[in-house]
Amino acid sequence: MTRDLRTARTGAVLTFVLAGLMCGSMTVRLPALSDKLGLSEASVGLALLVWGLGALVAMQSMRGVMTRFGSRSILRVAAPLTAVTLALLAVVPTFPLLLVASALFGMAFGAVDVAMNAQGSTVERAYGRPLMNGMHAGWCAGAISAGLLGTAAITAGLSVTVHLTLIALVALPIVVLLSRTYLPDPAVAASRGSGAPAAAHRMPPVVYLLGVIAFCAFMVEGTIADWNGLYMRDVLGAPEAVAALGYPIFEAGMLVGRLAGDRVRTRFGARGMIAASGLATAVTFGVVITASTTAVALSAMLFVGVAVSTVSPMALSLAGSATANPGPAVAQTGAMGYAGLLLGPVIIGFLSDLATLRAGLAIAVVLSLLIAVIARFVPRPRTLAAPADAPRPELSMAA
């Protein structure tokens, strides 16, 4: 294994860490940002919607951009822009400007999200073995760090403006340095070397199938992130401080699952692992929504995190290996997945109004079972296309 390849892997993982840190820092300080600008809950919701739509638009547009420029070029531009727009969020003085900054931050982050997953797929191919779960563990580490640093900043009395500006100032030079570690996407490099423009790729059907799996997985993750605290407090009667533990416990489970995920995938194969993860998520989250005590629900949340943690990374990884150039396929699958993250809170809220919050949360169980069913229709990895001159890490794996 060459030193350059190890450096590229480290650079990709650290990119995931910084993305999780910047995104998580914004989320942690939302209450303070709301207080600073005197926003209502509806206004905060609108700002989050604008952020999410900006990310979704960027992700969908990345399909064509990635075909031409590749993940390395996109990261070199979008990662610094994410830090800059985070700083803009920190200093905006009015709600209209907050909406503008939220849209810009969402677009920059959406481009980074697609590009770092495509870069992860490129590094994974070069290594010749699964690495994507470990990279997504970097995201979890960044998000957890954001929570811890946010707590420390609040305890120290730092304003939201100072806190987010400091995070941006620390992240900006690091992402610029990391830009030197990225590998060129093989198809883009070959196209440039031949002097021919990169052709737009028609997505094979498996990319859309993996997009549906990502949609379900992201919707389950979003449902847990947005609603578990309210469920613990209002349905199970937990104190607010106890109810708030559900999400970090879930994230801890995600981190553990992703750290082990690549080794498990090497042993058992991606297709069977996605199916097993879907079933395990349905069972463990079923325990959460049928629990009679907070202690049982909180304990089960750890196992929900472990169970669902590997589904979206594997879907993105398989999408990246489905075509010669991973960028457009990852962009398509990622955009479909992110739509689930946006729609989840809306659908759960609607179902909860019609019935109960418990009944609304049951959709996560249904979606998890759907993941297990759809996984059986994913072709064996050896049928997925890869560049002729690139290693094909999945060829020897059972599915």
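**Figure 1. Aromatic pairs in the predicted model.** Count up the ring pairs here and you get 5 aromatic pairs; rings of Phe, Tyr and Trp (its six-membered ring) pair if their centres lie within 6.5 Å, with planes under 30 degrees apart called stacked, over 60 edge-to-face and the rest tilted. One of them joins tryptophan 51 and phenylalanine 109, stacked at 5.7 Å centre to centre with 25 degrees between the planes. That pair ties together distant parts of the chain, with tryptophan 51 in helix 3 (residues 41-91) and phenylalanine 109 in helix 4 (residues 95-127), 58 residues apart. Helices are DSSP runs (H or I, at least four residues), numbered from the N terminus. Tryptophan 51 is buried at 10% relative accessible area, and phenylalanine 109 is buried at 3%; buried means under 20%, exposed over 50% and partly exposed in between (1.4 Å probe, protein chains only). Both belong to one aromatic cluster made up of Trp51, Phe105, Phe109, Trp139 and Tyr338.

This is a predicted model, where local features need pLDDT of at least 70, side-chain atom pairs count only at pLDDT 80 or more, and totals for chains, interfaces and linings use all residues. Residues are numbered from 1 along each chain as its sequence is written, and side-chain values use heavy atoms, leaving out hydrogens and water.

Figure 2. Tyrosine 247 and phenylalanine 250 pair up tilted, 6.3 Å centre to centre and 35 degrees between the planes. They sit 3 residues apart in helix 10 (residues 246-268), so about one helical turn separates them. Tyrosine 247 is partly exposed at 34% relative accessibility, while phenylalanine 250 is buried at 1%.

**Figure 3. Arginines over rings.** Arginine 9 has its charged end over the ring of tyrosine 127, 5.4 Å from the centre. Likewise, the charged end of arginine 267 sits over the ring of phenylalanine 268, 4.9 Å from its centre. To count, NZ of Lys or CZ of Arg must be within 6 Å of the ring centre and within 35 degrees of the ring normal.

**Figure 4. Helix 8 and its kink.** Helix 8 (residues 205-235) has 31 residues and should span 45 Å at 1.5 Å a residue, which agrees with the 42 Å between its end C-alpha atoms; the expected span is 1.5 Å times one less than the number of residues. A kink of about 50 degrees is centred on tryptophan 227, the bend being the angle between axes fitted to the seven residues ending there and the seven starting there. Just after the helix, glycine 237 takes a positive phi of about 75 degrees.

Terms used: Helix = DSSP H or I, 4+ residues; strand = E, 2+ residues; numbered from the N terminus.
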